[in-house]
Every structure is written in structure tokens, then in C-alpha cells.
Amino acid sequence: MVWFLMASWGLLPLIGSVGHQPLPLALGAVLTVVSVAQCVVSNRITGPALDHYLGKAVLPRRRLALPLALLAVAVALTASLRAVDGVGDGMIAFLLMQVPLAFTIPYALLVSIRVLLLRYAAFTAVLFMVFAAAGMRGGELAGLALMALITCALTLVTVRPCAWSLQVMWQAEEARDVQARLAVAEERLRFGRDVHDILGRNLAVVALKSELAVQLAQRGRPEAVDQMLEVQRIAQESQRELREVVRGYRDADLAVELEGARSVLTAAGINCAVSGAASADGLPARTQSALGWVVREAATNVLRHGDPRTCAVRLSVSSAAAVLVVENDGLSGGSPTCGGGSGLAGLRERLAALGGTLDAGPVGGRMFRLTAEVPR
């Protein structure tokens with residue numbers, strides 16, 4: 001933009017109207033060199049000025065010293081041409097339209113519109129005084145004011161809107177990047193949560209049955225083979241479930257999880273009673289899946305923490321909500337089940353997505369109760 005305006009509003013009028021005497025020619029040649037220098041310097045600081053406008057970097061004000069000095073020299077040379085009648089009538093106004101643009105284009109990105117208008121008004125007042133001293137009168141001064149107004153308006157309607165448009169586009173691009181990063185983070189959380197929920201209980205059962213198989217083998221009991229076959233089956237089932245998690249298709253079936261929890265806890269020597277399993281069939285798939293993960297995590301915690309003798313799992317379904325309660329008498333001092341670790345945190349996230357809640361904590365003595373509620 002500055003190169004085009006320098007050539008169309010500066011160089012062409014200067015070539016066509018400058019006087020052929022030595023002094024006007026010399027002043028015109030020096031003004032051309034200064035105008036080229038203004039364009040070069042303006043191009044070099046416009047990029048950093050745009051970064052300043054976008055908040056990506058701060059442009060030191062000392063970098064404005066050179067373009068400001070070139071502007072002052074250009075104004076002085078233009079006034080000198082007017083003083084020696086070195087250009088044709090009316091051409092001074094055209095020269096003055098392009099002289100400040102090389103400075104005001106980057107400067108408009110560094111200050112507010114209000115500050116720019118005030119300082120441009122001060123600059124116009126200085127021009128009035130300088131060119132009045134150079135012999136400009138009446139209509140020429142009025143033309144000078146008009147040209148200053150046009151130059152200021154041109155700066156405002158081109159530079160600031162272009163910078164604003166670039167800012168909007170870059171913000172949109174950044175928003176897409178943030179959205180992509182959030183999607184990746186959400187998928188990582190889902191994967192980590194599902195792996196924890198799937199492997200937590202299964203590994204606890206594998207450890208328990210392996211220990212039992214070792215004790216049976218040491219006693220020469222044939223039941224050790226059955227226990228190791230069960231360990232093999234659980235390991236294969238864990239592999240299958242983990243593949244489903246990787247594919248993103250993993251859902252927990254509530255009825256299957258209730259029966260699985262009863263079977264696992266009973267095999268571990270815990271008296272487990274399950275009630276209300278038949279009412280699970282009428283629940284939506286998403287509710288069944290969320291409560292199925294609750295059952296799995298609750299069974300994992302019962303196996304891992306404390307030394308329970310009994311565990312009760314109750315499912316009640318009403319027109320308003322589905323409520324799952326898991327109680328066991330294995331709470332011990334400092335039990336991790338009271339802390340709401342990563343497993344319970346993952347469950348709360350699952351239930352919160354459905355508008356549900358999860359409460360877990362001691363209820364007196366050695367009893368620990370986990371209650372999950374999901375609205376229907």
C-alpha cells in the first residue's frame with residue numbers, strides 16, 4: 001500500500017510538475033529518496049506492529065524514531081518545494097497525502113483510534129503552521145486540511161479493519177486448535193478411565209485367584225488347576241474388553257455387571273447379595289452403562305480395600321431415578337475407598353454427563369456405602 005501510494009500520489013505528481021531549476025530538482029530528488037526510505041522502513045515495522053496489535057509481542061517505541069524522523073524530513077522538503085515554488089499549483093496537497101502514510105499505517109496498529117485522531121489533529125496543526133510559514137494561503141490551506149482528513153480516513157478504514165479481520169481469522173484458527181487439543185485430552189481421559197475400570201477389578205481377581213491357586217498347589221490340591229483356568233479366562237476377557245476400549249465401543253451392561261460382581265465377590269469368600277437386578281432391563285442403554293461401571297468399580301474397591309465379610313448391592317428404579325447402593329463391612333482406618341480416588345472421580349464424570357450424582361463414604365462402624373443416582 002505505501003509503495004503504491006508513494007508512486008501514484010508522490011512520484012508521478014512530482015515528476016510531472018517539479019520545476020526544472022537546480023534547487024527544485026535537487027529538492028525533488030531528495031524527497032524521492034526519503035519517500036523510498038519511508039516505504040522500506042514502514043514495511044519493516046508493519047509486521048511487528050501487527051503482532052503488537054494482536055497481543056503476540058510488544059513493539060518498542062524506539063523503533064518509531066527513524067520513521068518519525070523521515071516523516072519530519074519529508075514534510076520539511078515538501079515545505080521547501082512550496083517555498084521556492086518548485087512544483088505546480090495544487091500538487092503540494094497530493095504530495096502531502098502520501099507523506100504521512102508510511103508512518104501512520106504501522107502507528108495506527110500501536111495506539112487506539114481516539115489517540116490516533118488526537119495526534120493526527122496535532123500533526124495537521126503543525127502542517128498548517130509549517131506551510132503557512134512557507135507561503136501557503138487561503139484555498140491552499142483549506143486543500144491541505146482536506147487532504148489531511150482524507151489521509152486520516154484512509155488509514156482508519158483500511159489498516160484497522162484489515163488488522164481486525166486478521167485477528168478474527170487467527171482467533172478462529174486458535175479456537176480450532178484448542179478444540180482439537182480438548183478432543184485429544186477428552187479421549188485420553190476416556191481411555192484412561194475405561195482402562196482403569198476394566199483392568200482394576202479383573203487384575204484384583206487375577207491376583208486373588210493366583211494366590212489361592214498357589215496355596216492349593218502347595219497343598220497338592222487338584223483345585224489349583226481350576227483356579228488357574230479361571231485366571232486364564234479372566235485374562236482373555238480383559239484382552240477382549242481392552243480391544244473394545246481402544247476402538248471406543250466399550251459399554252458396560254448393568255445386568256451382566258451385577259451378576260459378575262456377585263460371582264467375583266462370592267469367589268473371594270465374601271457373602272454378596274444382589275437385589276433389584278431384574279429392573280435393570282427397563283433402563284436406557286446409557287444409564288445401564290453408567291451404573292454398570294459403578295458396579296464394576298465398587299466391586300474392585302471391595303476386593304482391594306479392607307477385609308469385608310458381607311456386601312449388599314441394591315438397585316431400585318422409580319419413575320424419577322435409578323438408584324444403586326453398594327454396602328460392605330470391610331472399612332478400615334485410612335481405607336482408600338474413603339478418598340474418592342481416580343476410580344470414583346471417573347465414575348462421577350460418567351454420572352455427571354447424565355445429570356447423576358455419586359456419594360461414597362462411611363456410614364458408621366465398619367460399613368462403607370456407595371450410592372449412585374441417575375435421573376430417568
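Me: What do buried, partly exposed and exposed mean?
Reply: Buried means under 20% relative accessible area, exposed over 50%, and partly exposed in between (1.4 Å probe, protein chains only). Arg233, at a relative accessible area of 44%, is therefore partly exposed. This is a predicted model: local features need pLDDT of at least 70, side-chain atom pairs count only at pLDDT 80 or more, and totals for chains, interfaces and linings use all residues. Residues are numbered from 1 along each chain as its sequence is written, and side-chain values use heavy atoms, with hydrogens and water left out.

Me: What is a salt bridge?
Reply: Side chains of opposite charge can pair when their charged atoms come close. The cut-off is a side-chain nitrogen of Lys or Arg within 4 Å of a carboxyl oxygen of Asp or Glu. Arg233 makes one with Glu230, with the closest N and O atoms 2.7 Å apart.

Me: Where do Arg233 and Glu230 lie?
Reply: An α-helix has 3.6 residues a turn, so residues three or four places apart point the same way. Both Arg233 and Glu230 are in helix α8 (residues 223–247), three residues apart, about one turn of the helix. Helices are DSSP runs (H or I, at least four residues), and strands are too (E, at least two), numbered from the N terminus.

Me: Which residue forms a salt bridge with Arg296?
Reply: Glu257 does, with the closest N and O atoms 3.0 Å apart. This pair links distant parts of the chain: Arg296 in helix α10 and Glu257 in helix α9 (residues 254–267), 39 residues apart.

Me: Is Arg296 buried or exposed?
Reply: Arg296 is buried, because its relative accessibility is 1%. Glu257 is buried too, at 4%.
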